[in-house]
Amino acid sequence: MLPSDLIKNKLNSKKIIALTAWDSISGSLAEQSNADIVLVGDSLAMVCLGYKSTLPVTLENMIYHTNAVSRGFIKKIEEQPLIVCDMPFLTYQCGADKAVEYAGKIIQNTFAKAVKIEGAEPEIQKVISRLIRMGIPVMGHLGLTPQSYLNLGLKKQGESVESQEKLKRDALSLQELGCFSLVLEHIPELLAKEIQNNLTIPTIGIGAGIYCDGQVRVTADLLGLNDNQPPFCKPIVEGKKLLGEKLKEWVKSERIS
Ligand code: KIV
C-alpha cells in the first residue's frame with residue numbers, strides 16, 4: 001500500500017486503523033491484527049526504551065527500531081501494512097535541508113514509505129512542503145504534540161475558541177501542503193468532526209472521539225503494558241499485570257520443583 005492509497009478509505013467510508021510498533025514482536029502483532037498502518041512512533045521512547053518523554057529518541061533509534069518492526073512482518077509484501085516512521089525531535093525543527101537529509105535516511109534505510117511530523121508552525125510548514133516536493137510522503141500530527149510538551153504540556157488541546165480556530169486553519173494548511181493524512185491527538189470530539197468534514201485527506205484520531213476517518217493507538221497502551229496509561233486509551237487487556245503474574249507463578253513453581 002502507498003500513502004496515497006489511503007484516500008480511497010475516506011472516499012469509501014472505510015475506517016483506517018493504525019497501530020504502533022517498536023520491535024519485531026510488536027510489528028508481528030500489529031501486522032497479524034490486519035491494521036492498515038503500522039506507525040513506528042517516537043512513543044517507543046517510553047514504551048520500549050524507558051525514557052520519560054519522546055525527546056531523547058534519535059534518528060538512529062528510529063531507523064533501528066523501524067527495521068526491527070518490518071523484520072516481524074510475514075505477509076506478502078503487497079499485503080503488508082503501510083509503515084510510517086516518526087521524525088524524532090530535532091530532525092525537522094532544524095530546517096528543511098537537514099530534514100530532507102534525515103527523512104531521506106529513514107526512507108533509504110528502512111521499509112517506511114512515509115514520515116510523520118508534529119505541528120504546523122510556519123517553519124514546520126516549510127519543512128513539510130520541501131519533503132513532499134522531494135518525494136517523501138508526510139503524515140501530519142496536530143493537537144497534543146508530545147515533542148512540544150515543554151511549551152504546551154501533555155494536556156488536551158483545542159479547548160479555547162482561539163485554539164480551535166488555529167487547529168482548523170493548521171489542518172487545512174497541512175492538507176494544502178500535500179500531507180496524505182493527519183493524526184489528531186487529544187482534542188474535543190466535535191472539533192475533530194469539524195476538521196474531518198473540512199478535509200479531503202483522512203484524519204486519524206487518538207483521544208479525538210469517534211468521528212475521525214480512522215483511529216490510531218499506541219499498542220502498548222491497548223495491551224495494558226504501560227504503568228502510565230493515557231486517559232483516552234482503555235486497555236483491551238491488563239497485559240502487564242496478567243503477564244507479570246504468570247511469570248511470577250512460573251518462577252515460584254520452578255523454585256520448588
Ligand atoms: O509516537 C506515537 O506513538 C504517536 C501516536 C500517539 C500517534 O505519535
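1. A residue is termed buried under 20% relative accessible area, exposed over 50%, and partly exposed in between, with a 1.4 Å probe and protein chains only. Asn34 is exposed, its relative accessible area being 54%. Asn34 has a positive phi near 70° although this residue is not glycine. Asn34 belongs to the loop between helix H2 (24–32) and strand S2 (37–40); helices (H or I, at least four residues) and strands (E, at least two) are DSSP runs numbered from the N terminus.

2. The model is predicted: local features need pLDDT of at least 70 and side-chain atom pairs count only at pLDDT 80 or more, while totals for chains, interfaces and linings use all residues. Residues are numbered from 1 along each chain as its sequence is written, and side-chain values use heavy atoms, with hydrogens and water left out.

3. Ser13 lies in the loop between helix H1 (6–11) and strand S1 (16–20). Ser13, not a glycine, has a positive phi of about 50°. Its relative accessibility is 67%, so Ser13 counts as exposed.

4. The residues around the ligand (a heavy atom within 4 Å) include Thr20, Leu39, Gly41, Lys116, His141 and Glu185.

5. A side-chain N or O atom of Ser43 is 2.5 Å from a ligand oxygen atom. For Asp42, a polar side-chain atom lies 3.1 Å from an oxygen atom of the ligand, and for Asp86 the distance from a polar side-chain atom to a ligand oxygen atom is 3.1 Å.

Note on methods. Polar contact = N/O pair within 3.5 Å; in protein donor to acceptor, adjacent residues only side chain to side chain.
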